[in-house]
Each structure stands twice: as C-alpha cells, then as structure tokens.
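Subject: Structure handover

Hello,

Here is the structure I promised. Please open it and keep it beside this email while you read.

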Amino acid sequence: MSDRPAPWLAIARYDATGRARGSLVVAGLLSAFLLLFLAFFPSLSTAGIDLDAYVEAFPPAFQEAFGIIAISSIEGFLAVEFYQFAWLLLVGLYLAYLAGGTIAGDVASGRMDLTLSAPVARRDVVIGRFLGLVPLVVLLNVALPVVAYVGVLAVGEMIAVERLAAVHALAVPYHLTCVAVGIAVSTLVSRPGIAQRVALGALFALFMFESVVASTDYAEAGDLSPTAHYDPSAVLVLGEYDLTGAAVLLAATTVLVALAVVRFRRADLSG
Amino acid sequence: MPAIECRDLTKYYGDVRGIEDVSFAVEDGEVFGFLGPNGAGKTTAIRTLLGFLSPTSGGATLLGRDATDPVESRRARERIGYLPGDPGLDRDRTAAAFLDHQAALRGESSRDELVDRFGLDESRRIADLSRGNRQKVALVAAFMHDPDLLLLDEPTSGLDPLLQEEFAALVRERVDDGASVLLSSHVLGEVAALCDRVGVLREGHLVAVESVSDLRSRGGKQVRVRVAEEVDRADFEVRGIMNLRVGETVSFTWTGEYDALIDLLSGYTVLDLDVVDAPLEEAFMTFYDGDVPGPTGSGSGGTSGPDAAGSGAVDSRGEGR
C-alpha cells in the first residue's frame, strides 16, 4: 500500500499524461497565432496611421473589454491583439470548457465508478482532476513568453522581458481560476456537454458583465468576474502588476475547488 | 463476520424506486447471486453498496465496515474488486496505461498473471479493442489486487462462451482462496453455475433468497419417455406432471417423487427413457408469476438474514489475509 502514490497525485498524473499531446497541439496553435499577429506589426507601425487616435474613438465599454490603452507600441499591440483576446478570453474559456467536462464526463461515462471502486476519496478525485489541468496552464505560460520574445525580436522590435514574464506569471492564477470554475460546474451539472457549455458561458457572461459595468457607477460589481483581476494591457503597456488581483484569483480558485469537493462528496453518481 | 450485510437498504431516485427494503447477507467465502431482469434494481443495489449512491434509508456493511460512511467505505474498498457489465474505460488510452493507473489506485499483485491468462494485448488502444477485450481490461482491473470481496455486475455480458468459462474458473479459484462474491446477472445459467445462493430481485424488492440446490430440486425433472403401447393422454394427467406433451414420445416436467414416476411408467413397456434436471428457468419463472412457493415465502425484505445461509452455502473460511 505504501508503494502506491497518493490517489490525487495518481489521478492528476494520469489525467495530465492523457492530455499531453493535446496540450502540445494547443501550445503550438497559440504560438502560430501569436507569430501571425506579430508578422502584421511592422506593416502597421510603418503605415503612418495614428492607431491610438483611432482606438480612442471606440466606446468606453469596448475599450474596457479589450483592454485598449495604446496599440501603436509593440507592447500595446501585443496586449490588444493577443493577450486580451487570446490569453484572457480564448484560453480562459478553453480551460473552463475542458475542466467542465472532467468530473461530469467521468460520471456519465462510468469511468468514475471504476475510479471510486478503488480506495479513493471523492476529495482526491476533485483535487486530482483540478491538478491534472495545471501542467497545461504551466506549459502555455512557459512556452508562449519564449515564443513571444523570439517573435518580437524577429520583427525587429524590443520588449521588456520583465513585463513579458509578468504578463504570463500573472496569467497563471487567472487560468487556474478558469479551471476551477469548470471543475465546480462539472460537479453541479451532470451532463458533460452541458457542463462544458455552462462553464464556458458563465465565464464569458462574467467577462461581458465586467466590461459593461466598467463605465457605470456599478464598476465595483465587475470585480465578481475573474477577468477583472488580470489586466495584460496594464502589465505590458504600463508595467503595473496587480498582485492583489493575483491573490484574489488564487483565493477564488481555492474556494471554487473546495466548493466542488463539498458538492461532489454528497453527489450520487447517476451516470 | 459476513462479507456483505444489507439491512433494509432503500434507494429512491426522487420518486422513482431503485431498491426498497433489501436485506440479505453474503457470508464469508460465499458466492451470492442477484438474479432479476434488467431494471429490477441489481445495479442500483451494487452501486449503493459501493457508495456511488447514498441510500435513502437502511444501511450496509462491506467486510465489516459501514458502507455508508465515506472513510469506512474507502477502507473496505482496499479489499474489494468491482466489475461492471459495461465498464467505462478511457477509449483513447492504451490498456497498459489504464491498468497502470488502476494499479496506482489499488495495487497489482496478480496483474501479469491475469493479463497472460486472458491473453490481453496491453499495448493496444482501448478504443481499438473488441467489446470482449475491453471487458477483459476491466476484469483484470477488478481482480489484480487480489480482493477479498468481489462485486460483479453482469460480469460476462461481453464475453464469449470460452471466456465465460475461464472467468467462472477464475471466480471459483478466488473463492477457494477465501474470497466472497456478489454477482448479478439476468442469466440464470450463469448464476446457477457459480452461486451458492440466489436472491431474486423484482421491481426493486428482494422477493426470495434460495440456495441453488433448492432451486434445482424445485425445478423438477424433465422426462422424455417412449413406450411400445398407445398412450392415452388422460393416463398422464396426474398430480406432479406439468407441461405434458403426448406424441411419438411423451414428454413432461415431473415434480413429484421418483417412486410415483416409476409406478406411473410400470404399466407400459418403456423403450426409451430420459430423465434430466428441468431447466432452472422453470423454477425461476415462478418468482415472476408473483406466486413464490416454498418456505421462504413471497414477502419483500426480511426473507433472509445473516442466518439464512442456504444448504448450498460453502463453509465460512478465515479471512484471506
């Protein structure tokens, strides 16, 4: 018995191994996406158009949604075209979607029966499934800054390494929160397809809500959204690192996983 | 200490009854069969025992531990093997990867031996395996940690006859080594071949618990006889005869004593006589007619208890470890 790993570790490892290939593909696609945008930058910056004046004409809610501060610098360009869109929205939604299918999927397919017929606590399953997605989060946030840095150099620009590292370091708590949202929904909704869409939809709705209320008197209500606590534009353009936001996101992650444990402990596995 | 003790176990899904007031015990070293049609509650009972479903009321112990307490249940599951009829396996992983994972969760003292015995190719992706081979993967996972208690839910549903034989042999070996078994099936032959006692589930109720040998004797004898004389059907319409067919040969099910049968046939010149056990289905069907004969009666629940080990039950054995 003692030579066996802790169940949560075994579950996380098995899950992460199963995702290895998919994770590499996603990292590759996002790298290609990033490099594609970077390739556009030289022609934009030399076109002689005042892009900053252009984006300033956008409605405040739109500027808020896409974190538009400045777009003509390489930092501003990357923030708007890649980090606000791909890193905040696309990867966030993808992680919530993936996590949404974990526990609900296992229950529906009967895999959970085999897991829980072994001496495994329900808590171990939830934690293991959460941790199983952590390597993907880490891979994305380790591989992409390297790609971004090399890409920026390749188009003949310079970018502060510190800011690039920070935008990814601060993305980790945000992405973990997205995973935790998915895990929590996965214990609440029994059909995996629905759970995936609810997790994705909930995160997107929160993002929209935050964007809309940002320019109203109720801006503080927007703090409910995980997207309010990760601002790649502020990091890249202004060099502002929101450590409080990161702490809030880590706390939210812990609470969401704890809720998932409590919920899953009581649940009937009715696949 | 019984391997399983179930006390008034009840599980409702909202208003829908899964099982109600199910009470029985599986003695140490015994093979107990759950028999009933699909939807009778066999799977619900097993999944409630394993803690996948929390009972609406009642309780159960597995290997002496409270099955409804998460910590106790987990301790019991150290020594339990579970084989579902349609196991959920990761289709995009290889059998080896899946079994490695299962081994990390429960141990694998006899994995290699089982893989060899059932001729499983572990290197293949589970999605590429036939249904029978997928069932083998689940079978290895259920047996590889040498459990003391096996919960087998429709275990042979995907196996071909040859493998069913091998599976039955494996179960018998494990029982000889001291394991106890709860096996569910809607195939009477399978239950009869393996089990000491049978519990009949109908619409969520355990309507009877019988030893297999009692059930067999209740089923009577299938008699086929050819005689030299012309047969008058009325001569055979006597007490103890059922399903009478008169033609070139006379065939019927005989539920009376042998002497009475010999008396009946003594008036004829018997050219050919064939007496075999009647198919158990006939004895079994009586449970489905709502009329359950015999001393165990037809009440729901309470038809058995820890003391109800039938004559077919093997002797209790010591703990396997």
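First, a term: a residue is buried if 20 or more other C-beta atoms lie within 10 Å of its own, exposed if 12 or fewer, and partly exposed in between, with C-beta atoms placed from the backbone. The model is predicted, so to speak of local features takes pLDDT of at least 70 and side-chain atom pairs count only at pLDDT 80 or more, while totals for chains, interfaces and linings use all residues. Residues are numbered from 1 along each chain as its sequence is written, and chains are lettered from A and ligands numbered from 1 in the order in which they are written.

**One glycine**

G29(B) counts as buried because it has 23 C-beta neighbours inside 10 Å. Look for G29(B) in the loop between β2 (16-26) and β3 (31-35) of chain B. (Strands are DSSP runs of E, at least two residues; helices are runs of H or I, at least four; both are numbered from the N terminus.)

**The cores**

A nonpolar core is a set of buried Ala, Val, Leu, Ile, Met, Phe, Trp, Tyr and Cys residues joined through C-beta atoms within 7 Å. The largest has 144 residues. V126(A) and L151(B) are among those with the most contacts inside it. Helix α4 (residues 74-100) of chain A gives the largest share, 15 residues. Another core, of five residues, lies apart and includes F252(B).

**Where the chains meet**

Contact means C-beta atoms, placed from the backbone, within 7 Å. Chain B brings 24 residues and chain A 21 residues. On the chain B side, α3(B) gives the most, with five residues.

Best wishes

Technical notes: Contact = placed C-beta atoms within 7 Å.
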